[in-house]
Amino acid sequence: MSAIATTTPAAPISISAAQARSSDLEELISADPGQFRILTGDRPTGRLHLGHYFGTLHNRVRLQDLGVETYVLIADYQVLTDRDVADNLTEYVEELVLDYLAIGIDPARSTIFTHSAVPALNQLMLPFLSLVSIAELERNPTVKDEIAHSRQAAVSGLMYTYPVHQAADILFCKANLVPVGRDQLPHVELTRTVARRFNERYGVVFPRPDVLLSNAPLLLGTDGTKMSKSRGNAIALAADADETARLIKGATTDVERHITYDPVARPQVASLLLLAALCQDRAPEAVAEEIGSAGAAALKRTVTDAVNSYLAPIRARRAEYAEDRGYLRQILRAGNERANAVADATLVEVRQAMDALY
Ligand code: ATP
Ligand code: MG
(Lines give C-alpha, C1' and ligand atoms only; values in the text may rest on other atoms or scores of the structure.)
(Ligands and ions follow the chains in the order given, each with its own letter.)
Protein backbone atom coordinates (compact mmCIF):
# COMPACT_ATOMS: atom_id res chain seq x y z
CA MET A 1 0.00 0.00 0.00
CA SER A 2 1.47 3.35 -0.99
CA ALA A 3 1.88 6.17 1.50
CA ILE A 4 -0.09 9.36 0.96
CA ALA A 5 1.38 11.13 -2.06
CA THR A 6 2.64 14.25 -0.37
CA THR A 7 5.24 15.05 -3.01
CA THR A 8 3.27 18.19 -3.80
CA PRO A 9 2.06 19.16 -0.34
CA ALA A 10 -0.81 21.53 0.42
CA ALA A 11 1.02 24.85 0.03
CA PRO A 12 -0.36 27.70 2.14
CA ILE A 13 -1.89 30.27 -0.18
CA SER A 14 -1.07 33.86 0.72
CA ILE A 15 -3.79 36.45 1.09
CA SER A 16 -2.28 38.60 -1.67
CA ALA A 17 -2.12 35.64 -4.09
CA ALA A 18 -5.74 34.82 -3.26
CA GLN A 19 -6.76 38.44 -3.84
CA ALA A 20 -4.99 38.55 -7.21
CA ARG A 21 -6.59 35.26 -8.22
CA SER A 22 -9.99 36.58 -7.11
CA SER A 23 -9.81 39.56 -9.44
CA ASP A 24 -8.89 37.27 -12.37
CA LEU A 25 -11.83 35.08 -11.45
CA GLU A 26 -14.20 38.04 -11.40
CA GLU A 27 -13.43 38.60 -15.08
CA LEU A 28 -14.01 34.95 -15.94
CA ILE A 29 -17.29 34.98 -14.03
CA SER A 30 -18.66 38.02 -15.79
CA ALA A 31 -17.66 36.54 -19.15
CA ASP A 32 -19.38 33.20 -18.50
CA PRO A 33 -21.20 32.70 -15.19
CA GLY A 34 -22.57 29.35 -16.40
CA GLN A 35 -19.08 27.81 -16.05
CA PHE A 36 -19.17 28.16 -12.30
CA ARG A 37 -20.84 26.43 -9.42
CA ILE A 38 -20.47 27.73 -5.87
CA LEU A 39 -20.70 26.07 -2.50
CA THR A 40 -20.50 28.01 0.74
CA GLY A 41 -21.96 27.54 4.15
CA ASP A 42 -22.28 28.61 7.72
CA ARG A 43 -22.41 26.87 11.03
CA PRO A 44 -25.78 27.11 12.79
CA THR A 45 -24.21 28.60 15.91
CA GLY A 46 -26.16 31.85 15.97
CA ARG A 47 -27.45 34.64 13.79
CA LEU A 48 -25.33 35.83 10.87
CA HIS A 49 -23.38 39.04 11.28
CA LEU A 50 -21.75 41.83 9.31
CA GLY A 51 -18.52 39.81 8.94
CA HIS A 52 -20.50 37.13 7.14
CA TYR A 53 -22.34 39.65 5.09
CA PHE A 54 -19.38 41.53 3.68
CA GLY A 55 -17.05 38.51 3.84
CA THR A 56 -19.20 36.08 1.87
CA LEU A 57 -23.00 36.56 1.82
CA HIS A 58 -22.98 39.60 -0.42
CA ASN A 59 -20.86 37.69 -2.93
CA ARG A 60 -23.16 34.67 -2.82
CA VAL A 61 -26.19 36.76 -3.71
CA ARG A 62 -24.30 38.66 -6.40
CA LEU A 63 -23.12 35.42 -8.01
CA GLN A 64 -26.54 33.81 -7.72
CA ASP A 65 -28.03 36.85 -9.46
CA LEU A 66 -25.41 36.59 -12.21
CA GLY A 67 -26.63 33.07 -12.91
CA VAL A 68 -23.99 31.00 -11.09
CA GLU A 69 -25.42 27.74 -9.74
CA THR A 70 -25.41 28.14 -5.95
CA TYR A 71 -25.36 25.69 -3.04
CA VAL A 72 -25.66 26.99 0.51
CA LEU A 73 -24.84 24.56 3.28
CA ILE A 74 -25.99 24.78 6.88
CA ALA A 75 -23.09 22.96 8.51
CA ASP A 76 -24.89 21.38 11.46
CA TYR A 77 -22.40 18.56 12.10
CA GLN A 78 -19.57 21.08 12.21
CA VAL A 79 -21.11 22.86 15.19
CA LEU A 80 -19.58 20.01 17.22
CA THR A 81 -16.01 20.92 16.29
CA ASP A 82 -15.59 23.26 19.28
CA ARG A 83 -18.35 22.30 21.74
CA ASP A 84 -19.76 19.13 23.30
CA VAL A 85 -23.38 19.67 22.35
CA ALA A 86 -24.98 21.69 19.56
CA ASP A 87 -27.46 23.80 21.53
CA ASN A 88 -30.65 25.28 20.03
CA LEU A 89 -29.91 23.60 16.73
CA THR A 90 -33.40 23.81 15.24
CA GLU A 91 -33.70 27.46 16.21
CA TYR A 92 -30.30 28.40 14.79
CA VAL A 93 -30.91 26.50 11.55
CA GLU A 94 -34.14 28.43 11.06
CA GLU A 95 -32.37 31.69 11.90
CA LEU A 96 -29.84 31.00 9.15
CA VAL A 97 -32.57 30.34 6.61
CA LEU A 98 -34.20 33.61 7.65
CA ASP A 99 -30.92 35.49 7.23
CA TYR A 100 -30.44 33.94 3.78
CA LEU A 101 -33.90 34.92 2.62
CA ALA A 102 -33.54 38.42 4.03
CA ILE A 103 -30.30 39.11 2.15
CA GLY A 104 -31.63 37.79 -1.15
CA ILE A 105 -30.73 34.11 -1.45
CA ASP A 106 -33.53 32.78 -3.60
CA PRO A 107 -34.49 29.17 -2.78
CA ALA A 108 -35.88 28.73 -6.28
CA ARG A 109 -32.40 29.28 -7.73
CA SER A 110 -30.14 28.25 -4.84
CA THR A 111 -30.05 24.98 -2.94
CA ILE A 112 -30.12 25.47 0.84
CA PHE A 113 -29.44 22.23 2.72
CA THR A 114 -28.14 20.72 5.98
CA HIS A 115 -25.24 18.28 6.42
CA SER A 116 -27.06 15.80 8.57
CA ALA A 117 -29.76 15.23 5.95
CA VAL A 118 -27.35 14.23 3.15
CA PRO A 119 -25.76 10.86 4.01
CA ALA A 120 -23.86 10.39 0.72
CA LEU A 121 -22.03 13.69 1.25
CA ASN A 122 -20.82 12.52 4.65
CA GLN A 123 -19.67 9.19 3.24
CA LEU A 124 -17.12 11.00 1.05
CA MET A 125 -15.29 11.88 4.25
CA LEU A 126 -13.92 8.32 4.54
CA PRO A 127 -11.92 8.08 1.31
CA PHE A 128 -10.96 11.75 1.67
CA LEU A 129 -9.49 11.19 5.13
CA SER A 130 -7.17 8.60 3.63
CA LEU A 131 -5.73 11.27 1.33
CA VAL A 132 -4.35 13.64 3.97
CA SER A 133 -1.67 13.21 6.59
CA ILE A 134 -2.02 13.94 10.30
CA ALA A 135 0.79 16.50 9.97
CA GLU A 136 -1.21 18.40 7.32
CA LEU A 137 -4.25 18.46 9.60
CA GLU A 138 -2.18 19.63 12.55
CA ARG A 139 -0.60 22.61 10.84
CA ASN A 140 -3.84 24.26 9.65
CA PRO A 141 -3.65 27.84 11.03
CA THR A 142 -7.44 28.35 11.17
CA VAL A 143 -7.86 25.15 13.18
CA LYS A 144 -5.11 26.32 15.54
CA ASP A 145 -6.90 29.65 16.06
CA GLU A 146 -10.19 27.87 16.69
CA ILE A 147 -8.59 25.54 19.21
CA ALA A 148 -7.33 28.63 21.03
CA HIS A 149 -10.92 29.95 21.23
CA SER A 150 -12.57 26.57 21.84
CA ARG A 151 -14.81 26.12 24.88
CA GLN A 152 -13.82 22.46 25.32
CA ALA A 153 -11.34 21.02 27.81
CA ALA A 154 -10.00 18.58 25.20
CA VAL A 155 -9.67 18.98 21.44
CA SER A 156 -11.87 16.51 19.55
CA GLY A 157 -11.01 14.50 16.45
CA LEU A 158 -13.68 16.45 14.59
CA MET A 159 -11.80 19.70 15.21
CA TYR A 160 -8.78 18.34 13.35
CA THR A 161 -10.72 16.62 10.60
CA TYR A 162 -13.53 19.07 9.80
CA PRO A 163 -11.48 20.69 7.00
CA VAL A 164 -11.64 17.27 5.28
CA HIS A 165 -15.38 17.26 5.88
CA GLN A 166 -15.44 20.65 4.18
CA ALA A 167 -13.68 19.07 1.21
CA ALA A 168 -16.65 16.68 1.04
CA ASP A 169 -19.03 19.67 1.26
CA ILE A 170 -17.39 21.40 -1.65
CA LEU A 171 -16.69 18.38 -3.80
CA PHE A 172 -19.96 16.47 -3.43
CA CYS A 173 -21.56 18.98 -5.82
CA LYS A 174 -18.32 19.54 -7.77
CA ALA A 175 -18.27 23.21 -6.89
CA ASN A 176 -15.42 25.07 -8.55
CA LEU A 177 -15.81 28.40 -6.75
CA VAL A 178 -15.95 29.07 -3.00
CA PRO A 179 -16.78 32.68 -2.01
CA VAL A 180 -15.59 32.80 1.61
CA GLY A 181 -13.69 34.85 4.16
CA ARG A 182 -9.97 34.73 4.73
CA ASP A 183 -10.18 32.15 7.54
CA GLN A 184 -11.28 29.61 4.93
CA LEU A 185 -8.16 29.84 2.73
CA PRO A 186 -6.32 26.90 4.35
CA HIS A 187 -9.47 24.78 4.16
CA VAL A 188 -10.05 25.37 0.47
CA GLU A 189 -6.36 24.70 -0.12
CA LEU A 190 -6.85 21.33 1.56
CA THR A 191 -9.91 20.68 -0.61
CA ARG A 192 -7.77 21.33 -3.69
CA THR A 193 -5.21 18.86 -2.37
CA VAL A 194 -7.87 16.22 -1.69
CA ALA A 195 -9.31 16.66 -5.20
CA ARG A 196 -5.89 16.42 -6.81
CA ARG A 197 -4.84 13.35 -4.85
CA PHE A 198 -8.15 11.60 -5.44
CA ASN A 199 -7.94 12.29 -9.17
CA GLU A 200 -4.31 11.12 -9.32
CA ARG A 201 -5.04 7.95 -7.44
CA TYR A 202 -8.40 6.90 -8.87
CA GLY A 203 -9.00 8.88 -12.07
CA VAL A 204 -10.45 12.31 -12.59
CA VAL A 205 -13.72 12.87 -10.73
CA PHE A 206 -13.34 16.27 -9.03
CA PRO A 207 -12.61 19.87 -10.04
CA ARG A 208 -10.03 21.89 -8.06
CA PRO A 209 -12.06 24.75 -6.63
CA ASP A 210 -10.92 28.36 -6.31
CA VAL A 211 -11.52 30.76 -3.45
CA LEU A 212 -13.25 34.02 -4.26
CA LEU A 213 -12.39 36.67 -1.69
CA SER A 214 -14.48 39.80 -1.15
CA ASN A 215 -13.27 43.29 -0.29
CA ALA A 216 -13.73 42.46 3.38
CA PRO A 217 -12.15 39.04 3.83
CA LEU A 218 -11.65 39.63 7.55
CA LEU A 219 -13.97 42.05 9.29
CA LEU A 220 -13.09 42.60 12.95
CA GLY A 221 -15.56 42.39 15.82
CA THR A 222 -16.16 44.89 18.59
CA ASP A 223 -13.19 43.49 20.58
CA GLY A 224 -10.77 43.95 17.70
CA THR A 225 -10.46 40.22 16.81
CA LYS A 226 -12.22 38.40 13.93
CA MET A 227 -15.95 39.06 14.12
CA SER A 228 -17.40 35.69 15.01
CA LYS A 229 -20.79 34.47 16.18
CA SER A 230 -19.25 32.39 18.95
CA ARG A 231 -17.02 35.11 20.40
CA GLY A 232 -19.64 37.62 21.61
CA ASN A 233 -18.11 40.39 19.46
CA ALA A 234 -20.50 40.38 16.49
CA ILE A 235 -23.11 42.75 15.13
CA ALA A 236 -25.93 40.53 13.89
CA LEU A 237 -27.76 41.39 10.68
CA ALA A 238 -30.95 40.93 12.68
CA ALA A 239 -29.92 43.23 15.56
CA ASP A 240 -32.14 46.31 15.91
CA ALA A 241 -30.91 49.86 15.36
CA ASP A 242 -30.40 50.56 19.09
CA GLU A 243 -28.47 47.37 19.72
CA THR A 244 -26.31 48.14 16.70
CA ALA A 245 -25.57 51.64 18.05
CA ARG A 246 -24.69 50.25 21.47
CA LEU A 247 -22.36 47.58 20.07
CA ILE A 248 -20.53 49.96 17.76
CA LYS A 249 -20.16 52.49 20.57
CA GLY A 250 -18.35 49.83 22.60
CA ALA A 251 -16.00 48.82 19.77
CA THR A 252 -12.25 48.89 20.44
CA THR A 253 -10.34 51.64 18.64
CA ASP A 254 -6.95 53.17 19.48
CA VAL A 255 -5.52 56.23 21.23
CA GLU A 256 -4.75 58.30 18.17
CA ARG A 257 -7.44 60.97 17.73
CA HIS A 258 -7.01 61.76 14.05
CA ILE A 259 -8.81 59.12 11.95
CA THR A 260 -6.79 57.58 9.10
CA TYR A 261 -7.25 54.41 7.05
CA ASP A 262 -4.27 52.21 7.85
CA PRO A 263 -5.20 48.50 7.95
CA VAL A 264 -1.73 47.41 9.09
CA ALA A 265 -0.97 49.90 11.86
CA ARG A 266 -4.57 50.64 12.91
CA PRO A 267 -6.59 47.46 12.23
CA GLN A 268 -9.60 48.26 14.44
CA VAL A 269 -10.11 51.79 13.10
CA ALA A 270 -9.57 50.48 9.55
CA SER A 271 -12.17 47.74 10.00
CA LEU A 272 -14.76 50.31 11.18
CA LEU A 273 -13.93 52.59 8.26
CA LEU A 274 -14.23 49.69 5.84
CA LEU A 275 -17.61 48.76 7.31
CA ALA A 276 -18.98 52.28 6.80
CA ALA A 277 -17.42 52.41 3.32
CA LEU A 278 -18.97 49.11 2.22
CA CYS A 279 -22.40 50.21 3.46
CA GLN A 280 -22.11 53.53 1.63
CA ASP A 281 -20.38 52.11 -1.45
CA ARG A 282 -17.36 54.39 -1.29
CA ALA A 283 -13.66 54.16 -0.44
CA PRO A 284 -12.60 53.78 3.22
CA GLU A 285 -9.98 56.51 2.67
CA ALA A 286 -12.77 58.95 1.79
CA VAL A 287 -14.68 58.11 4.97
CA ALA A 288 -11.47 58.61 7.01
CA GLU A 289 -10.80 61.97 5.41
CA GLU A 290 -14.29 63.18 6.13
CA ILE A 291 -13.98 62.31 9.82
CA GLY A 292 -10.35 63.37 10.28
CA SER A 293 -9.80 65.10 13.59
CA ALA A 294 -13.40 64.58 14.79
CA GLY A 295 -12.07 61.33 16.30
CA ALA A 296 -13.36 57.90 17.26
CA ALA A 297 -16.75 59.02 18.58
CA ALA A 298 -17.58 60.65 15.24
CA LEU A 299 -16.29 57.56 13.41
CA LYS A 300 -18.62 55.36 15.43
CA ARG A 301 -21.60 57.61 14.76
CA THR A 302 -20.85 57.45 11.03
CA VAL A 303 -20.51 53.66 11.13
CA THR A 304 -23.74 53.26 13.11
CA ASP A 305 -25.75 55.41 10.69
CA ALA A 306 -24.23 53.67 7.67
CA VAL A 307 -24.92 50.16 9.02
CA ASN A 308 -28.45 50.94 10.19
CA SER A 309 -29.45 52.52 6.88
CA TYR A 310 -27.90 49.71 4.88
CA LEU A 311 -29.53 46.97 6.94
CA ALA A 312 -32.99 48.56 7.31
CA PRO A 313 -34.55 46.86 4.24
CA ILE A 314 -32.82 43.55 5.04
CA ARG A 315 -34.16 43.69 8.60
CA ALA A 316 -37.67 44.49 7.39
CA ARG A 317 -37.65 41.51 4.99
CA ARG A 318 -36.35 39.25 7.73
CA ALA A 319 -39.21 40.22 10.04
CA GLU A 320 -41.72 39.36 7.32
CA TYR A 321 -40.24 35.92 6.63
CA ALA A 322 -40.09 35.20 10.38
CA GLU A 323 -43.90 35.10 10.41
CA ASP A 324 -43.97 31.79 8.53
CA ARG A 325 -41.79 29.05 10.06
CA GLY A 326 -43.55 26.41 7.94
CA TYR A 327 -42.13 28.04 4.82
CA LEU A 328 -38.60 27.79 6.25
CA ARG A 329 -39.04 24.06 6.81
CA GLN A 330 -40.37 23.66 3.29
CA ILE A 331 -37.25 25.35 1.87
CA LEU A 332 -35.01 22.98 3.80
CA ARG A 333 -36.95 19.91 2.72
CA ALA A 334 -36.71 20.88 -0.95
CA GLY A 335 -33.02 21.82 -0.64
CA ASN A 336 -32.15 18.58 1.13
CA GLU A 337 -33.90 16.59 -1.55
CA ARG A 338 -31.90 18.30 -4.31
CA ALA A 339 -28.62 17.95 -2.41
CA ASN A 340 -29.27 14.24 -1.84
CA ALA A 341 -29.78 13.61 -5.54
CA VAL A 342 -26.49 15.33 -6.35
CA ALA A 343 -24.59 13.60 -3.53
CA ASP A 344 -25.93 10.15 -4.48
CA ALA A 345 -24.74 10.60 -8.07
CA THR A 346 -21.26 11.74 -6.95
CA LEU A 347 -20.93 8.85 -4.53
CA VAL A 348 -21.67 6.38 -7.32
CA GLU A 349 -18.89 7.98 -9.39
CA VAL A 350 -16.50 7.82 -6.45
CA ARG A 351 -17.28 4.17 -5.75
CA GLN A 352 -16.91 3.37 -9.43
CA ALA A 353 -13.52 5.11 -9.55
CA MET A 354 -12.43 3.19 -6.43
CA ASP A 355 -13.67 -0.11 -7.85
CA ALA A 356 -16.13 -0.34 -4.97
CA LEU A 357 -19.45 -0.49 -6.79
CA TYR A 358 -20.86 -3.98 -6.23
P1 ATP B 1 -18.38 30.52 14.58
O2 ATP B 1 -17.83 31.48 15.59
O3 ATP B 1 -19.55 29.75 15.07
O4 ATP B 1 -17.33 29.68 13.91
P5 ATP B 1 -18.25 32.37 12.43
O6 ATP B 1 -18.74 33.73 12.74
O7 ATP B 1 -16.78 32.09 12.38
O8 ATP B 1 -18.99 31.44 13.45
P9 ATP B 1 -18.74 30.57 10.25
O10 ATP B 1 -20.09 29.93 10.17
O11 ATP B 1 -17.61 29.77 10.82
O12 ATP B 1 -18.88 31.92 11.07
O13 ATP B 1 -18.27 31.15 8.83
C14 ATP B 1 -19.15 31.25 7.73
C15 ATP B 1 -18.55 32.04 6.60
O16 ATP B 1 -18.42 33.41 6.94
C17 ATP B 1 -17.14 31.63 6.15
O18 ATP B 1 -17.10 31.72 4.74
C19 ATP B 1 -16.24 32.66 6.76
O20 ATP B 1 -15.06 32.85 5.99
C21 ATP B 1 -17.10 33.90 6.72
N22 ATP B 1 -16.78 34.80 7.83
C23 ATP B 1 -17.02 34.55 9.13
N24 ATP B 1 -16.57 35.56 9.90
C25 ATP B 1 -16.04 36.49 9.06
C26 ATP B 1 -15.42 37.77 9.25
N27 ATP B 1 -15.27 38.28 10.46
N28 ATP B 1 -15.00 38.46 8.16
C29 ATP B 1 -15.15 37.94 6.92
N30 ATP B 1 -15.73 36.72 6.68
C31 ATP B 1 -16.17 36.01 7.72
MG1 MG C 1 -16.08 29.93 12.17
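# Notebook: salt bridges, ligand site and fold

I began with charge pairs and counted 22 salt bridges in the structure, a salt bridge being a side-chain nitrogen of Lys or Arg within 4 Å of a carboxyl oxygen of Asp or Glu. I note that this is a predicted model, in which local features need pLDDT of at least 70, side-chain atom pairs count only at pLDDT 80 or more, and totals for chains, interfaces and linings use all residues. Residues are numbered from 1 along each chain as its sequence is written, chains are lettered from A and ligands numbered from 1 in the order in which they are written, and side-chain values use heavy atoms, with hydrogens and water left out.

**Entry 1: overall fold**

I looked up the secondary structure and found 14 helices and five strands in the chain. Both kinds of element are DSSP runs numbered from the N terminus, helices being H or I with at least four residues and strands E with at least two. The radius of gyration of the chain is 21 Å, close to the 21 Å from the globule rule for 358 residues, so the chain is as compact as a globular protein of that length. This radius is taken over C-alpha atoms, and the globule rule is 2.2 Å times the number of residues to the power 0.38. I also recorded the span of the C-alpha trace along its principal axes, about 70 × 50 × 45 Å. Of the 358 residues, 52% count as buried. Here buried means under 20% relative accessible area, exposed means over 50%, and partly exposed lies in between, with a 1.4 Å probe and protein chains only.

**Entry 2: salt bridges between elements**

I then examined individual pairs, given that side chains of opposite charge can pair when their charged atoms come close.

Which residue pairs with Arg 62 in a salt bridge? The partner is Glu 26, and the closest N and O atoms are 2.7 Å apart. Arg 62 belongs to helix 2 and Glu 26 to helix 1 (residues 15-31), so the pair ties together parts that are 36 residues apart in sequence. Arg 62 is partly exposed at 29% relative accessibility, and Glu 26 is partly exposed at 23%.

I found a further salt bridge between Glu 69 and Arg 37, with 3.1 Å between the closest N and O atoms. Glu 69 is in strand 2 (residues 69-74) and Arg 37 in strand 1, and the pair links these distant parts of the chain across 32 residues. Glu 69 is partly exposed at 35%, as is Arg 37 at 25%.

Asp 42 and Arg 60 meet through their side chains in a salt bridge of 2.9 Å, N to O. This pair links strand 1, which holds Asp 42, with helix 2, which holds Arg 60, the two residues being 18 apart. Are its two members buried or exposed? Asp 42 is buried, with a relative accessible area of 5%, and Arg 60 is buried at 0%.

I also noted a network of salt bridges that links Arg 21, Glu 189, Arg 192 and Asp 210.

**Entry 3: the shell around ligand 1**

I turned to ligand 1 and found 22 residues around it, of which Thr 45, Asp 183, Ser 228, Lys 229 and Ser 230 come nearest. A residue is near the ligand if one of its heavy atoms lies within 4 Å of it.

I checked side-chain polar contacts (pairs of N or O atoms within 3.5 Å). An N or O atom in the side chain of Thr 45 is 2.6 Å from a ligand oxygen. For His 52, the side-chain N or O atom lies 2.8 Å from an oxygen atom of ligand 1. Asp 183 places a polar side-chain atom 2.5 Å from an oxygen atom of the ligand. The protein covers 95% of the 600 Å² of accessible area that ligand 1 has on its own, by the Shrake-Rupley method with a 1.4 Å probe.

Which element gives the most to this shell? Helix 2 does, with four residues. Strand 1 (37-42) and helix 2 (50-66) each supply at least two residues. By class, I recorded six nonpolar, eleven polar and five charged residues in the shell. In this scheme Ala, Val, Leu, Ile, Met, Phe, Trp, Tyr, Cys and Pro are nonpolar, Asp, Glu, Lys and Arg are charged, and the others, Gly among them, are polar.

**Entry 4: positive phi**

I looked up backbone angles and noted Asn 88, a residue other than glycine with a positive phi near 50 degrees. Asn 88 sits in the loop between strand 2 and helix 3 (89-103) and is partly exposed at 42% relative accessibility. Lys 174 likewise has a positive phi, near 55 degrees. Its loop runs between helix 8 (157-172) and strand 4 (177-179), and Lys 174 is partly exposed at 24%.

Notes: Polar contact = N/O pair within 3.5 Å; in protein donor to acceptor, adjacent residues only side chain to side chain.
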